[in-house]
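Dear colleague,

I am handing over the structure below, and after it you will find what I noticed while going through it. Please keep it open beside this message as you read.

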Amino acid sequence: MPHDAYATLRVSREAGLVRVTIHNPPVNVLDVALMADLRRLLTTLRDDESARVIVFDSADPDFFIAHVDMSLVDAPDAFDQFAPEVPAGLNVFQALGELLRHQPQVTIVKLAGLARGGGAEFVVAADMAFAAIGSAGIGQIEALMGIVPGGGGTQYLANRVGRNRALEVVLGAELYDAQTAERYGWVNRAVPADELDEVVDRLARNIAVLPEGVVAAAKQAVVPEDLAAGFQREHDAWAGQFVRPAAESLIRGGLARGAQTRAGERDLEGLLRGVNGG
């Protein structure tokens, strides 16, 4: 798997371990290019028995995956190219989460920066996530754009943190720090920032050298919950809001005020609340 095989990912390998670094400047939005690369990477690795663990991190210390590309409002069919590969009952964003969630390898996110919206959905779809204290942040900010999470976030969250906290996260639309995310069960553990690499690398390498068959057996025994009915409800809720004039106005207003720029993304919640008049 050549280092330059992907436009938005840097991929390297060692015994049993694949490291994937997201690199999609300026803030790692989940756009068509990143979606295509992630789908191709996961599909390529699916039948690779020499790979046991996949660790995801970011080349940008401030941003993991910012969120889905908000310019989707101007090109709502931009992601349609993936539709023929998407299983029935899922939209393209849910399908990415399910591809990750059902990956035969153990998937681990090393969260050192911010992950909102579709980025937060990617984090919670992985088998495990470890967050850096003081620099990591995670949140579902879609409500501030007049929509709800549409890439599995509502279902993954309720499964991880419970219905009450899932509603808090979705409707409160705030950014959560590493310690709170750990306390909610959103991530495995909050780790001092200077220990994050060591903690994740030790775990990943320990898993990578387990005796043959152990990883597969564990993943066969601890299966992801079937969320099919919930995905349909989520998609209907997301799609129903996305077509409303208010959603288009809020998303365009966010872009006009600096969303998807480094400065704007640092306090995206505040920026979007300003668009909402809050």
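A residue is called buried here when its relative accessible area is under 20%. By that cut-off, buried residues make up 53% of the 278 residues in the chain. Please bear in mind that this is a predicted model.

As for the chain as a whole, it holds twelve helices and nine strands, and its C-alpha trace spans about 55 × 40 × 40 Å along the principal axes. A compact globule with 278 residues would have a radius of gyration near 19 Å, and the chain, with 18 Å, agrees with that. Among the contacts between residues at least 6 apart in sequence, 74% join residues at least 24 apart. The chain exposes about 12,000 Å², of which carbon and sulfur atoms supply 53%.

Six of its six residues are buried, so strand 3 is largely enclosed by the rest of the structure. In a regular strand, the side chains alternate between the two faces of the sheet. In strand 3, V53, V55 and D57 point one way, while I54, F56 and S58 point the other way.

Strand 3 also has parallel partners. With strand 2 (residues 17-22) it pairs over six bridges, and there V20 stands opposite F56; with strand 4 (residues 106-111) it is joined by four bridges, and there V53 stands opposite V106.

In the loop between strand 3 (53-58) and helix 2 (92-101) lies H67. Is H67 buried or exposed? At 2% relative accessibility, H67 counts as buried. Its side chain makes a polar contact with the side chain of E265, at 2.7 Å, and the residues that H67 touches, leaving aside those up to four places away in sequence, include V29, L30, R116 and Q260.

Finally, there is an open sheet of three strands, in the order 5-7-8 and with mixed pairing. Strand 5 (114-116) and strand 8 (176-177) stand at its edges, each with a single partner strand, so one side of each is left without a neighbour in the sheet. Strand 7 (residues 137-139) and strand 8 run antiparallel and are joined by two bridges, and the bridge partner of I138 in strand 8 is Y176.

With kind regards

Technical notes:
Residues are numbered from 1 along each chain as its sequence is written. This is a predicted model: local features need pLDDT of at least 70, side-chain atom pairs count only at pLDDT 80 or more; totals for chains, interfaces and linings use all residues. Side-chain values use heavy atoms; hydrogens and water are left out. Two strands pair if DSSP finds at least two bridges between them. Buried means under 20% relative accessible area, exposed over 50%, partly exposed in between (1.4 Å probe, protein chains only). A polar contact is a pair of N or O atoms within 3.5 Å; within protein, one must be able to donate a hydrogen and the other to accept it, and residues adjacent in sequence count only if both atoms are side-chain atoms. Contact means heavy atoms within 4.5 Å. The radius of gyration is taken over C-alpha atoms; the globule rule is 2.2 Å times the number of residues to the power 0.38. Accessible areas come from the Shrake-Rupley method with a 1.4 Å probe; for residues, only the protein chains shown count as cover.
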